[in-house]
Amino acid sequence: MIPIATEEESSIRNNPASRERFASRLGFIFISAGCAIGLGNVWRFPYITGEYGGAAFVLLYLVFLVILGLPVMVMEFAVGRASQKSSALAFDTLQPSKRWHWFSWWGYIGCFVLMMFYTTVGGWMLSYIFRIGSGEFNNASADAVGAAFTSSLGDPIVQVGWMLASVIIGFIVCSFGLQKGVERITKVMMGALLAILIVLVIRAVTLPGAQAGLEFYLIPDFSHLFAGSTPQEQWGTFGDAVYAAMGQAFFTLSLGISAMEVFGSYIGKERSLTGEALRICGLDTFVAIMAGLIIFPACFAFGVNPGQGPSLVFVTLPSIFNQMPLGQLWGALFFVFMSFAALSTIIAVFENLISFAMDKWNWSRKQAVWRTALMVTVLSVPCALGFNVWSGVTIPAIGDIQSIEDFIVSNNLLPLGSLLYVVFCVTRGGWGWKGFLAEADAGEGVRFPAWARGWISFGIPALIIVILVMGYAPKIAIWAGLS
């Protein structure tokens, strides 16, 4: 039975002045960063960087993180802090005409769809702690590790079991409340994550032959962004890299589905939101860069291609750890780090869903926890079964159930939601530029660049449209060929 914290929840929900708060500024930074720091950093970022040539792609990604990701993060925080509500009521509070009422559901649905596949992948991370720690992969070749991973995907009991483990852990933490559960546990996990990260980086960069990996990762070679034998192929490679960098800027920060908005509603006005967003983006980027400092030196030290896609973490790295002295220890530590990164996001998004339910339907935290837990569990089952029982459920040009759910979030809800946040914060039909800027600049710290209004109003929407078009163009071509 899940333990439930008892607090004066009714007064908190009905009185904004009594709304739950973080116990410390560090709690806000760690939890917001924990929402951002997830599989996008420690799984997706390294293999995408490997695919697109290393350091040159990292620079491209950092540019889009600043010009796309950071402004939208400030907007989500501003909507939350100004309204003192989750996305359930925030837009109605700031725009009483209720023309934005429908957008409250965007984030709620988006967070559910994200968790529909994220809980399964989080379960993979948890399982690998025990699989590597128990010595299952000792002396196994990359082919043997790959076969073992494929075998586990084909077992519905294993897949559902580890998915349930990630769901149960997340909701147990949230059941204790914001301060006693979410904030307290996330602080511990983030502290442990950073400590393990540093230990693993030291081990990786001191491996014989690691220098080549460091050069690949830290010294830009822009020819990698224009790979190809003809100008058409070269510009095609560059376009793919730009699209990947822009998409990663949204995915890594979980922007557009109000995952960050709720944490703005839990803080006061002592600090400017731009300064806080810079710190969170900085911590998020630090973890992503450090993850690369583990993976690329290790890959080059053992002659492994780092651009192998999603299998890099679950197949390639375990075989690399097998070749290291004390590899079983380093492998288990690596997946503890990966699990903490995944769970920090799961807990943060669960809190978002719980807060929405409490605001929208006036539920107690106890009611919100068990009802939301039930819904997340049921909705997560298709992904867990999508590799075995329902493996035949696919969409051409997209893939299996997990790929479909990922496509809905990454290619649709995140960029479109970010676009709508921009429209809400800069137009008169929404909250408006003056209201947003006043909230963003309240408190001490870095001010939001008012001179950037033109870029925010036209530049960001234009790039988001490019992301949407580039994401759909190859799929439409395939669908047209099938018709």
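## A walk through the core, a helix and a cavity

Let's start in the middle: the largest nonpolar core has 170 residues, and those with the most contacts inside it are Phe263, Phe334, Phe335, Phe337 and Phe436. Helix α15 (residues 327-361) gives the most to this core, 19 residues in total. A nonpolar core here is a set of buried Ala, Val, Leu, Ile, Met, Phe, Trp, Tyr and Cys residues joined through side-chain atoms within 4.5 Å. Buried means under 20% relative accessible area, with exposed over 50% and partly exposed in between (1.4 Å probe, protein chains only). Helices are DSSP runs (H or I, at least four residues) numbered from the N terminus.

Keep in mind that this is a predicted model, where local features need pLDDT of at least 70 and side-chain atom pairs count only at pLDDT 80 or more, while totals for chains, interfaces and linings use all residues. Residues are numbered from 1 along each chain as its sequence is written, and side-chain values use heavy atoms, with hydrogens and water left out.

Now pick out Phe335. Setting aside neighbours within four places in sequence, Phe335 is in contact (heavy atoms within 4.5 Å) with Met125, Tyr128, Ile129, Ile132, Val313, Phe314 and Pro318.

Phe436, another of the core residues listed above, takes us to helix α18 (residues 433-441), where the buried residues are Trp433, Phe436, Leu437, Glu439, Ala440 and Asp441. These buried residues pack against α4 (55-83), α13 (273-301), α17 (401-426) and α19 (453-482). After α18 comes Gly443, with a positive phi near 100 degrees.

Next, Phe22, which sits in the loop between α1 (9-14) and α2. Why does Phe22 count as buried? Because its relative accessibility is 9%. Leaving out residues up to four places away in sequence, Phe22 touches Gly27, Phe28, Ile31, Leu178, Gln179, Glu183, Phe263, Tyr266 and Ile267.

Finally, the holes. A cavity is a set of points on a 1 Å grid over the protein atoms alone where a 1.4 Å probe fits but cannot get out, and lining residues have an atom within 4 Å of a point. Among the 15 residues lining the largest cavity, Leu114, Tyr118, Phe251, Ser254 and Thr345 are the closest to its centre. Helix α3 gives the most to this lining, with three residues.

Definitions and conventions
Helices (H or I, at least four residues) and strands (E, at least two) are DSSP runs, numbered from the N terminus. On a 1 Å grid over the protein atoms alone, a cavity is a set of points where a 1.4 Å probe fits but cannot get out, and a pocket is an open set with protein on both sides within 12 Å along at least five of seven lines; lining residues have an atom within 4 Å of a point.
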